[in-house]
Amino acid sequence: MAKVKKTANVIETAQDGGIPIPEEIMPALIESFIMDSGSDNVAVFGGRFEGGIHCQQVPDELAGFIKFMLDAGSAIQSYLEISISAGGTACVIAKFLNPENIVVIDNNRHWAAAKRAAILNGIGYLEIVGNSRSPETIARAGSDHDIVFIDGERTYEGVMADAKNFIPLVRPGGFVAIHDSTLEARGITQAVNELKEDPGLEFVTEFLSTKRAPLGIALFRKVVK
């Protein structure tokens, strides 16, 4: 499938002579791509099979997020992902949003991390192996990112630590996405609710699956001062 670009009324394939894709079809197209590309765990995330890019996202949630970013209308120059595991999410982001700069952080403890190089083959990215709370890791992560996708330690403390450390690396007007926003028992819902009260952030929306038990992607925008 070709990378895509958005025009005023339709989203078209980037190839010369590509067939225009009506905008209302785009979310289904993205979702189908994710489902066909492979899941890390079908029971947890959905998808048609386990393997492939080992994506750790619910397909219609990630598709909704990507469609929102396409609709936002500004080019995504720089994307930072916290806890990338096998690289499935970054692979999909690269396919549809095509950021010029991709930075990924992971401690490589997940068994699927060994598959990352193959899954992200042909995609340019900076890989930082380390703890996301480490000052050395944070210092290497760069700045002025258009999107920071937080998908690290699934606890209240983990989300709040990553928010504290990496939101400053988002450009004004850039986006912060937090995965697993529905995991109330782990404190992530509480973390999301507290971030809604942060004067430096604007809560935008939450992408929740309508097709299976949602995990959720909460989306914030960094306030322009």
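Modeller: Helix α1 passes helix α4 in a right-handed crossing. Please bear in mind that this is a predicted model.

Biologist: At what angle do α1 and α4 pack, and which word describes their arrangement?

Modeller: Helix α1 covers residues 26-37, and its axis lies 11 Å from that of α4. The packing angle is about 140°. Angles over 145 degrees would count as roughly antiparallel, and the two helices are therefore oblique to each other.

Biologist: Which residues of α4 does α1 meet, and how does the contact divide by class?

Modeller: From α1, the contact involves Met-26, Leu-29, Ile-30, Phe-33 and Ile-34. Their partners in α4 are Val-92, Lys-95 and Phe-96. By class, the residues of this contact divide into seven nonpolar, no polar and one charged.

Biologist: How do α1 and α3 pack, and what is the hand of their crossing?

Modeller: The axes of α1 and α3 are 8 Å apart, at an angle of about 135°. That angle makes α1 oblique to α3. The crossing of α1 and α3 is right-handed.

Biologist: Which residues make the contact between α1 and α3, and how many of them are charged?

Modeller: Met-26, Pro-27, Ile-30, Glu-31, Ile-34 and Met-35 come from α1. They meet Pro-59, Asp-60, Leu-62, Ala-63, Ile-66, Lys-67 and Leu-70 of α3. The contact has 10 nonpolar residues and no polar ones, and the charged residues number three.

Biologist: How do α3 and α4 cross, and which classes of residue make up their contact?

Modeller: Helix α3 (residues 59-72) and helix α4 (residues 88-96) have axes that come within 11 Å and cross at roughly 35°, and the crossing is right-handed. Leu-62, Phe-65, Ile-66 and Leu-70 of α3 make the contact with Thr-89, Val-92, Ile-93 and Phe-96 of α4. By class, the contact has seven nonpolar, one polar and no charged residues.

Biologist: Turning to the open spaces, which residues lie nearest the centre of the largest pocket?

Modeller: The largest pocket has a volume of about 350 Å³. Strand β5 (101-106) and helix α7 (156-166) each supply at least two residues of its lining. The lining comprises 19 residues, and those nearest the centre are Ser-83, Asn-107, Ser-132, Gly-152 and Glu-153.

Biologist: How many residues of each class line that largest pocket?

Modeller: Nonpolar residues number two in the lining of the largest pocket. The remainder of the lining consists of 10 polar and seven charged residues.

Biologist: Which elements give two or more residues to the lining of the second largest cavity?

Modeller: About 40 Å³ of space lies in the second largest cavity. Among its lining residues are Ile-150, Asp-151, Arg-154, Val-159, Asp-162, Ile-178, His-179 and Ile-188. The elements that give two or more residues are α7 and β8 (170-179).

Notes
Residues numbered from 1 in each chain as written. Predicted model: local features only at pLDDT ≥ 70, side-chain atom pairs only at ≥ 80, totals over all residues. Heavy atoms only, no water. 1 Å grid on protein atoms, 1.4 Å probe; cavity = no way out; pocket = protein on both sides within 12 Å on 5 of 7 lines; lining within 4 Å. Points joined across faces, edges and corners; volume = space filled by probe spheres on them. Helix = DSSP H or I, 4+ residues; strand = E, 2+ residues; numbered from the N terminus. Nonpolar A, V, L, I, M, F, W, Y, C, P; charged D, E, K, R; others polar. Axes fitted to C-alpha atoms, helices over the stretch in contact; angles between N-to-C directions. Left-handed = near helix turned anticlockwise from the far one by under 90°. Contact = heavy atoms within 4.5 Å. Parallel < 35°, antiparallel > 145°, perpendicular 65-115°, else oblique.
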